[in-house]
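Visitor: Hi, could you walk me through this structure?
Guide: Happy to, let's have a look together.

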Amino acid sequence: MKIKRILSLMLRHFYLIKGSFPRIFDLIYWPTVQIILWGFVSKFFTMYSSYFGNAVGVILTAAILYDFLFRSSISYNMLFLEEIWSRNLINLFVSPLRSSEVICALTSTALLRTLLGLIPAVFIAMPLFNISIFELGFPLYLLLLSLYMFGITLGLLVTAGLIRFGPSFENVAWASLFFIAPLGCIYYPVDILPEWIKPLALSFPLAHIFEEMRSILVNNTVNFKNILIALGLNIFYIGLGIAVFYKAFKSAKNRGTLVNIGE
Amino acid sequence: MKNILEVTNLKKKFGNFTAVNNVNFSLNEKKTIGLLGPNGCGKTTTIAMLLGLITPTSGSIKIDNEDLNPRDHQFLSKMNFASPYVELPKKLTVMQNLKVYAMMYEIKDPLKKIEELIEKLKLQSLIFKKTGELSSGQRNRISLAKSLINDPQILLLDEPTASLDPDTGDFIRTFIEDYQKNNPISILLASHNMNEVKRLCDHILMMKEGNIIDQGTADQLISKHGRNNLEEVFLKIAREKNEN
């Protein structure tokens with residue numbers, strides 16, 4: 001793996017974002033609207049619910065964390081879709097850039113894009129709603145790492161779908177996170193779910209991450225077991241995502257679909 | 001003369017359909033081979049296999065006497081590709097695009113290389129324009145600049161002058177001729193422009209239904225098929241296909 005080749009692909013996306021005000025606006029606008037919207041909703045709940053009265057901003061914190069996950073995943077997908085839309089993929093595939101370097105470049109750029117969008121929103125939430133996700137303390141970084149890993153996993157799976165099935169898979173790219181969101185227990189505890197669906201929900205890292213977030217904010221206790229389970233599951237899923245990506249790439253080479261991927 | 005590319009019994013099957021069937025050829029240093037044939041005859045599949053975009057069903061590809069290993073992308077640093085059907089990111093300026101690809105191909109002195117290509121391809125007035133704002137002729141020149149950024153030993157060109165006006169087409173053909181005279185580059189050219197093939201190619205492979213059915217210089221093929229020019233040879237082959 002060569003760092004220069006990874007940086008070259010990151011540079012390509014930096015130039016793209018830098019030169020486009022609508023892209024920068026789009027990156028910042030949606031997380032900010034999301035935070036403001038959920039901020040008012042959570043403010044309403046804190047006034048009328050004893051549960052949320054225990055931890056002001058549980059919903060808002062969940063919204064910020066969910067948005068971080070959403071942005072990570074969508075950013076990864078967007079970066080790959082940009083290459084398809086600009087009909088540049090063949091130029092990348094015929095260069096010495098390796099698949100592992102593509103994954104590294106997209107993963108790093110997706111993180112930068114996500115932070116670019118989310119940091120202003122986080123700082124808007126602080127004075128406006130008197131809420132700071134930093135109240136989660138050190139475990140916040142572990143939760144963010146877990147969310148980021150899961151976002152990238154979804155990105156890898158969607159990218160594999162785009163390589164395998166072509167641009168028609170684009171709709172799945174946008175919807176991918178919504179498929180899994182009900183099982184993620186983002187805004188409600190796992191206990192709310194029917195018994196038969198709980199094991200399925202707990203087989204994904206999201207339920208553990210958001211359970212832990214609630215545990216810290218509502219009960220003021222940190223349960224590192226949840227964090228470790230989430231990280232362990234993420235390692236498994238990201239490995240699976242990489243394997244699926246490589247398989248899709250190999251299959252596309254065998255089927256000859258890479259040549260027409262932009263059409 | 002140094003053999004730079006050797007293709008032996010190259011075959012690609014998609015299910016029951018044989019797109020390329022036991023293709024053999026070799027390309028020597030500073031020579032140009034033309035791939036000619038009707039649409040769907042296997043030219044693009046052949047080029048895609050050479051670029052590692054399609055995995056061959058069987059056969060071997062040797063570059064610089066080394067077997068092409070699809071897992072090792074390093075062979076791609078010796079090659080490059082240009083086609084009007086593959087574009088560079090439209091929202092990036094010409095300079096940004098060239099910088100990105102210079103970095104991707106790990107060029108030691110990227111600015112010097114870019115300046116050299118800008119001068120040779122007369123791109124001075126375009127470098128700070130967004131690629132998407134350029135005419136198709138200008139975009140073809142940028143694409144050609146990108147394809148030469150790594151001083152490739154092998155350049156694969158897929159219809160490099162398609163849909164260009166005669167003046168721009170001639171500029172590109174003249175540029176390719178001059179570039180090859182001054183650099184150790186071998187070219188594989190797929191084109192439907194017979195004059196272009198006759199002018200640029202030292203050797204022509206005539207493809208039909210995945211097979212190389214004939215080969216030679218333009219003059220040899222014209223004489224062998226008893227026609228007046230290469231276009232008539234091409235039409236003869238295409239119509240033979242229709243009659244089958």
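**A glycine and a serine**

Guide: Let's begin in chain B: B:Gly37 touches B:Lys43, B:His192, B:Met207 and B:Phe234, leaving aside residues up to four places away in sequence. Keep in mind that this is a predicted model.

Visitor: Where does B:Gly37 sit in chain B?
Guide: B:Gly37 is in the loop between β3 (32–36) and α1 (43–50).

Visitor: Is B:Gly37 buried or exposed?
Guide: Buried, because its relative accessible area is 2%, and buried means under 20%.

Visitor: How far apart are B:Gly37 and B:Leu235 in space?
Guide: They are 9.4 Å apart, C-alpha to C-alpha, although 198 residues separate them in sequence.

Visitor: Switching to chain A, which helix holds A:Ser72?
Guide: A:Ser72 lies in α4, which covers residues 58–85 of chain A.

Visitor: How many residues of α4(A) are buried?
Guide: 27 of its 28 residues are, so α4(A) is largely enclosed by the rest of the structure. A:Ser72 is buried too, with a relative accessible area of 0%.

Visitor: What lies 2.7 Å from a polar atom of the A:Ser72 side chain?
Guide: That's the backbone oxygen of A:Phe68.

Visitor: What does α4(A) reach from its first C-alpha to its last?
Guide: It reaches 39 Å, close to the 40 Å expected at 1.5 Å a residue. Just after α4(A), A:Arg87 takes a positive phi of about 55°.

Technical notes
Residues are numbered from 1 along each chain as its sequence is written. Chains are lettered from A and ligands numbered from 1 in the order in which they are written. This is a predicted model: local features need pLDDT of at least 70, side-chain atom pairs count only at pLDDT 80 or more; totals for chains, interfaces and linings use all residues. Side-chain values use heavy atoms; hydrogens and water are left out. Helices (H or I, at least four residues) and strands (E, at least two) are DSSP runs, numbered from the N terminus. Buried means under 20% relative accessible area, exposed over 50%, partly exposed in between (1.4 Å probe, protein chains only). A polar contact is a pair of N or O atoms within 3.5 Å; within protein, one must be able to donate a hydrogen and the other to accept it, and residues adjacent in sequence count only if both atoms are side-chain atoms. Contact means heavy atoms within 4.5 Å. The expected span of a helix is 1.5 Å times one less than its number of residues.
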